[in-house]
Amino acid sequence: MTDHKKTPRPPRNEPDIRVVMMPRDTNAEGSIFGGVILSYIDQAAYVEAKRQAPLRYVTVSMKEVVFREPVHVGDVLSLYAQATRIGRTSMTISVQVMAERFAPPPSTARVTEAEVVMVAIGDDCQPREIEIESSGGSAS
Ligand SMILES: CC(C)(COP(=O)(O)OP(=O)(O)OC[C@H]1O[C@@H](n2cnc3c(N)ncnc32)[C@H](O)[C@@H]1OP(=O)(O)O)[C@@H](O)C(=O)NCCC(=O)NCCS
């Protein structure tokens, strides 16, 4: 159940992606296509994967994504991505999607979250090991 009195808090201060929803992103009902948001989730996960280790990545899976709130033209979407597990060749990244609406009164809504698994690949397009430098980021 949605608690409209509480404003959800984003997981980190700075989003990996922030984007304004445009008329070109809508379906015939006037709300934003889910596929547009899935695409941004994929990109946010990619940003986080690159930050953890600067390799080539492909997306191998995106676990069930439930859209809890509609997104409208003019909403500002913020996507927060965080690596939660780094395996031998794959990385699991949690992505949270928040919508900021400015029509009075201003509000923030938690739209959805996703668990994305990205696989590091080599020049042969086959999985390759992910090596994290000790001074680099961590999957905390
Ligand atoms: C991703 C890809 C390279 C994996 O190849 P593969 O032969 O299945 O590789 P492996 O079985 O060795 O698995 C590699 C890693 O991916 C993980 N993995 C594979 N399938 C997975 C799945 N369905 N869900 C979660 N993780 C998965 C494995 O657990 C392994 O992780 P680990 O090394 O950290 O333990 C291959 O499936 C591929 O190229 N897929 C297409 C990716 C793509 O083009 N995505 C964009 C869609 S347009």
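Let me start with T26, which is partly exposed because 16 other C-beta atoms lie within 10 Å, where buried means 20 or more such atoms, exposed 12 or fewer, and partly exposed in between, with C-beta atoms placed from the backbone. This is a predicted model, in which local features need pLDDT of at least 70 and side-chain atom pairs count only at pLDDT 80 or more, while totals for chains, interfaces and linings use all residues. Residues are numbered from 1 along each chain as its sequence is written.

T26 sits in the loop between β1 (17-20) and α1, helices (H or I, at least four residues) and strands (E, at least two) being DSSP runs numbered from the N terminus. Although T26 and H72 are 46 residues apart in sequence, their C-alpha atoms are 7.9 Å apart.

Turning to the ligand, its shell includes V58, R88 and P127, and β2, with four residues, gives the most to that shell. The shell comprises six nonpolar, five polar and one charged residue, counting Ala, Val, Leu, Ile, Met, Phe, Trp, Tyr, Cys and Pro as nonpolar, Asp, Glu, Lys and Arg as charged, and the others, Gly among them, as polar.

I41 touches M62, L79, V95, V97, A114 and V116, leaving out residues up to four places away in sequence, where contact means C-beta atoms, placed from the backbone, within 7 Å.

Finally, a word on confidence: the mean pLDDT, the predictor's confidence in each residue from 0 to 100, is 88 for the protein, but pLDDT stays under 50 over residues 1-10. Where pLDDT is low, the predicted coordinates should not be read in detail.

Conventions:
A residue is near a molecule or strand if its C-beta atom, placed from the backbone, lies within 6 Å of it. Two residues are in contact if their C-beta atoms, placed from the backbone, lie within 7 Å.
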